[in-house]
Amino acid sequence: MYLADTIVAPATAPGIGAVAIVRLSGPRAFEILDAIFRPVGRAAVPAIVELRPRMMRLGDVVDPVSGACIDRALAVVMPHPASLTGEDVAEIQCHGGPFIVRRIVALASDAGARIAEPGEFTRRAFLNGRMDLAEAEAVADIVAARSDSALANALAQLSGALSARVAELRAQVVAIRAHLEVEIDFSDEDIRLPSRREVAAEIERLIAGVAVLHDSFARGILMRDGVRATIVGKPNAGKSSLLNLLLGADRAIVTPVAGTTRDVIEDSVQLGPYSLVLNDTAGVRESADAVERIGIERTIRSARDADLLIAMFDSSRPLEAADEDVIRLTDNRPGLAILNKRDLPAAISAAELRERGLCLPILPFSAINLDESATLRGELSKVIGALIDPSARSSDDQIAISRERHRDALATALAALKNARASALSLMPPEIVAVDIMAAAAALGAITGEVSGEDVLDAIFRDFCIGK
Ligand SMILES: Nc1nc2c(ncn2[C@@H]2O[C@H](COP(=O)(O)OP(=O)(O)O)[C@@H](O)[C@H]2O)c(=O)[nH]1
Ligand SMILES: [Mg+2]
């Protein structure tokens with residue numbers, strides 16, 4: 001019933017554009033296109049006869065009841081099974097006006113199509129075996145990508161790199177299960193059985209493989225959402241100047257008056273393949289001003305939540321208690337220290353900051369000098385690279401998961417494998433070990449959608465936009 005009807009939706013974003021696409025999928029897609037589309041010059045010939053698969057054809061979109069022409073457009077048909085959804089798919093490329101799009105969708109609906117739910121096209125592609133679940137999820141990640149690294153990771157997932165890795169791990173689980181079967185079935189007979197130690201060692205190797213993929217989540221999230229950096233430092237150190245320099249725009253107000261920035265200002269900038277989400281803050285100092293105090297509290301919170309810190313020090317002024325607070329904020333955190341205002345006579349040196357316990361790399365800098373922006377970007381790229389890539393040792397490790405669902409499934413698999421290892425080592429019957437091994441296989445299978453209930457699919461495809 002679910003797949004029996006034909007769905008329609010705009011495939012392009014709402015709003016005005018040069019072109020918009022209305023997409024139809026299902027058994028009646030061509031028949032519905034036929035009702036509303038007349039190829040130019042061949043009005044008497046049904047579109048379905050006139051259109052060759054995957055060849056654009058110019059024509060008029062017409063209201064079949066009134067005969068009125070709605071738009072001049074291109075149409076294309078993609079017969080099943082070699083289509084996006086695995087069903088008959090028809091697309092109309094019309095002029096990109098919201099009214100035209102609405103009219104065409106309404107005509108298709110009058111002709112028998114149902115308006116698609118969010119993600120329903122991709123869901124059908126999954127249900128018809130055109131892609132597995134991890135690949136379908138990658139479609140949404142590609143659309144949402146905001147940096148080269150996010151896009152590359154999502155594309156790798158779409159082309160099946162994640163699915164292949166999961167399938168490999170799952171195959172190893174199944175192999176262990178096969179060993180246990182042998183033990184269960186032939187334990188009375190005189191054949192060589194893999195010892196418990198061997199089984200435990202195999203499970204151990206598998207745990208390591210699953211853990212690498214599980215732990216790639218942190219990296220995947222940094223690629224997907226960008227690296228969050230908070231700029232901290234005492235008032236007037238030049239934090240807002242630095243933000244503006246990196247953004248190449250006057251985003252934050254810069255004045256010689258300490259305490260100018262009061263709220264946390266957030267904006268993002270591309271640094272090589274990564275997206276850096278910058279937070280400029282009120283700064284760190286004791287203040288009697290209530291508004292500024294709230295700003296300072298927010299600074300501390302933002303610093304705590306950040307993936308890395310940019311700590312700014314004013315080299316033209318002696319160190320103060322506030323600088324010591326900033327140094328403490330950076331304890332055990334990744335980041336970069338900036339010794340700013342090097343164009344002015346120096347009152348402090350990098351060595352002094354080191355003496356006070358600063359462990360971050362230190363860059364002497366001048367935020368009012370545009371020429372230094374490239375150096376800063378280079379240094380920040382290094383810090384980000386160290387944050388994102390340390391675990392990427394081989395090409396296998398390059399794939400990073402970026403969805404909680406995948407991380408949770410891998411965590412379930414890990415827990416089951418650890419139980420299995422413990423049972424194997426404590427010489428439990430093979431049947432007991434097999435139960436956990438099966439649970440691990442099921443958890444891994446859930447990632448690619450080997451087994452998944454309607455509720456899981458609903459949760460996944462709900463995040464898609466209409467027409468995807
Ligand atoms: N000479 C000099 N002045 C700077 C430099 N960076 C910032 N400033 C000035 O220092 C003052 C405070 O800068 P601002 O960015 O608002 O500091 P914030 O309070 O940390 O955000 C402004 O007058 C800036 O123009 C620098 O590298 N050299
Ligand atoms: Mg400021």
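Start with helices α5 and α6, whose crossing is left-handed. Keep in mind throughout that this is a predicted model.

**Stop 1: α5 and α6**

Select residues 133-144 for α5 and residues 148-158 for α6. Their axes come within 8 Å and cross at roughly 155°. An angle over 145 degrees counts as roughly antiparallel, so α5 is roughly antiparallel to α6.

Now show the side chains at the contact. On α5, pick Glu135, Ala138, Val139, Asp141 and Ile142. On α6, pick Leu151, Ala154, Leu155, Gln157 and Leu158. How do these residues divide by class? Seven are nonpolar, one is polar and two are charged.

**Stop 2: α6 and α8**

Check the hand of the crossing: α6 passes α8 in a left-handed one.

Which residues make this contact? From α6, select Ser149, Ala150 and Asn153. From α8, select Gly220, Met223 and Arg224. Colour them by class, and you get two nonpolar, three polar and one charged.

**Stop 3: α15 and α16**

Move on to residues 404-425, helix α15, and residues 430-448, helix α16. Their axes come within 8 Å and cross at roughly 165°. That angle makes α15 roughly antiparallel to α16. Is the crossing left-handed or right-handed? The crossing of α15 and α16 is left-handed.

The α15 side of the contact includes Arg405, His406, Ala409, Leu410 and Thr412. Further along α15, look for Ala416, Asn419 and Ser423, also among the contact residues. Across from them, α16 contributes residues including Ile432, Val433, Asp436, Ala440, Leu444 and Ile447. By class, the contact of α15 with α16 has 16 nonpolar, four polar and two charged residues.

**Stop 4: ligand 1**

How many residues surround ligand 1? There are 17. The closest are Asn236, Lys239, Ser241, Asp343 and Ala367.

- Lys239 has a polar side-chain atom 2.8 Å from an oxygen atom of ligand 1.
- Ser241 places a polar side-chain atom 2.6 Å from an oxygen atom of ligand 1.
- Asn340 has a polar side-chain atom 3.1 Å from a nitrogen atom of ligand 1.

**Stop 5: two backbone details**

Go to Pro81, in the loop between β5 (69-78) and β6 (89-96). Is the bond from His80 to Pro81 cis or trans? It is cis, with omega near 0°.

Finish at Arg54, in the loop between α2 (47-50) and β4 (57-62).

Conventions: Residues are numbered from 1 along each chain as its sequence is written. Chains are lettered from A and ligands numbered from 1 in the order in which they are written. This is a predicted model: local features need pLDDT of at least 70, side-chain atom pairs count only at pLDDT 80 or more; totals for chains, interfaces and linings use all residues. Side-chain values use heavy atoms; hydrogens and water are left out. Axes are lines fitted to C-alpha atoms, for helices over the stretch in contact, and angles run from 0 to 180 degrees between N-to-C directions. Helices (H or I, at least four residues) and strands (E, at least two) are DSSP runs, numbered from the N terminus. Angles under 35 degrees count as roughly parallel, over 145 as roughly antiparallel, 65 to 115 as roughly perpendicular and the rest as oblique. A crossing is left-handed if the near helix is turned anticlockwise from the far one by less than a right angle, and right-handed if clockwise. Contact means heavy atoms within 4.5 Å. Ala, Val, Leu, Ile, Met, Phe, Trp, Tyr, Cys and Pro count as nonpolar, Asp, Glu, Lys and Arg as charged, and the others, Gly among them, as polar. A residue is near a molecule or strand if one of its heavy atoms lies within 4 Å of it. A polar contact is a pair of N or O atoms within 3.5 Å; within protein, one must be able to donate a hydrogen and the other to accept it, and residues adjacent in sequence count only if both atoms are side-chain atoms.
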